[in-house]
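Please take a look around first.

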Amino acid sequence: MKQKGLLIDFTKCIGCGACMEACADQNSLPAPTPEMTDLSADNYTIVKKHKEMFYRRQCMHCNDPVCASVCPVAAFTKHKNGAVTYDASKCMGCRYCMEACPFKVPTYEWDKPIPVVRKCILCFDRIESGGRTACAWVCPTGATKFGERDSLIEIAEYRIENDPGKYVHHIYGLEDAGGTSVLMLSSIPFEELGFPVSLGKKSLPELTGRVLRIIPNIAVTGGLLLGGIWWIINRRIELEKRPDNEEEEDND
């Protein structure tokens with residue numbers, strides 16, 4: 001199966017909240033309320049407003065997800081269809097994924113006796129069976145479009161090329177952090193909407209992997225250095241405690 005994804009065009013969003021309702025129904029979550037102003041364990045997608053434009057936040061489903069790379073129990077899986085899914089039965093509650101995610105997507109069930117992490121899984125079962133995500137299915141304006149990622153990129157490029165004054169010339173998610181399955185178009189700079197724009201084109205696991213490969217060498221070198229300092233300090237203490245004649249014998 002080719003990689004699927006979403007193209008979310010903020011300029012087409014009317015803020016109806018149908019995507020939030022469909023997401024809640026699909027994932028057996030509480031019905032959306034006005035009090036839901038950000039992502040949470042009960043809310044996998046959120047529609048917000050900045051100036052005169054509505055925009056949406058959800059999991060970006062990175063091509064090379066850092067949440068999966070830092071999870072010590074392999075609770076996250078990146079699939080060929082583009083989705084990044086999560087197995088709550090494996091979760092140990094370390095919350096490394098929450099700290100590592102550059103988009104601040106994974107949330108935690110703080111009010112549960114046995115809490116786990118929660119996030120959008122791109123309606124994995126629906127797209128595996130040939131369907132669309134729930135949010136794309138109900139969107140009345142086509143602001144959220146589901147399809148093959150390559151085709152969505154072509155659509156996004158066409159829209160920018162044919163109406164350059166309408167859009168920021170940046171398909172968010174095309175290359176950001178190594179690329180994501182969720183792509184976004186906007187008429188307002190993404191940084192104004194709170195999206196990180198300095199992630200670079202390299203995937204975050206690739207960058208962190210380089211650092212982790214260096215750490216063992218640093219640890220060995222540092223260990224030898226500290227060991228040498230420890231020996232010198234203890235040798236001085238030992239000599240200070242010994243009588244003068246014993247110290248002279250050592251010097252001889």
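## About the model

This is a predicted model, in which local features need pLDDT of at least 70, side-chain atom pairs count only at pLDDT 80 or more, and totals for chains, interfaces and linings use all residues. Residues are numbered from 1 along each chain as its sequence is written, and side-chain values use heavy atoms, with hydrogens and water left out.

Three strands form an open sheet in the order 8-1-9, with mixed pairing. Its edges are strand 8 (144–148) and strand 9 (182–185), each pairing on one side only. On average, neighbouring strands here are turned by 25° against each other, direction ignored. Strands are DSSP runs of E with at least two residues, helices are runs of H or I with at least four, and both are numbered from the N terminus; two strands pair if DSSP finds at least two bridges between them.

Strand 1 (residues 4–9) pairs with strand 9 in the parallel sense over four bridges. Within this sheet, Asp 9 stands opposite Leu 185 in strand 9.

## The helix across it

Helix 6 (residues 149–162) lies across strand 1, strand 8 and strand 9, and runs at about 130° to strand 8. Contact means heavy atoms within 4.5 Å; axes are lines fitted to C-alpha atoms, for helices over the stretch in contact, with angles from 0 to 180 degrees between N-to-C directions.

## Two loop residues

Ala 74 is not a glycine, yet has a positive phi of about 55°. Look for Ala 74 in the loop between helix 2 (66–70) and strand 4 (76–78).

Arg 95, in the loop between strand 5 (84–86) and helix 3 (96–100), also has a positive phi, near 65°.
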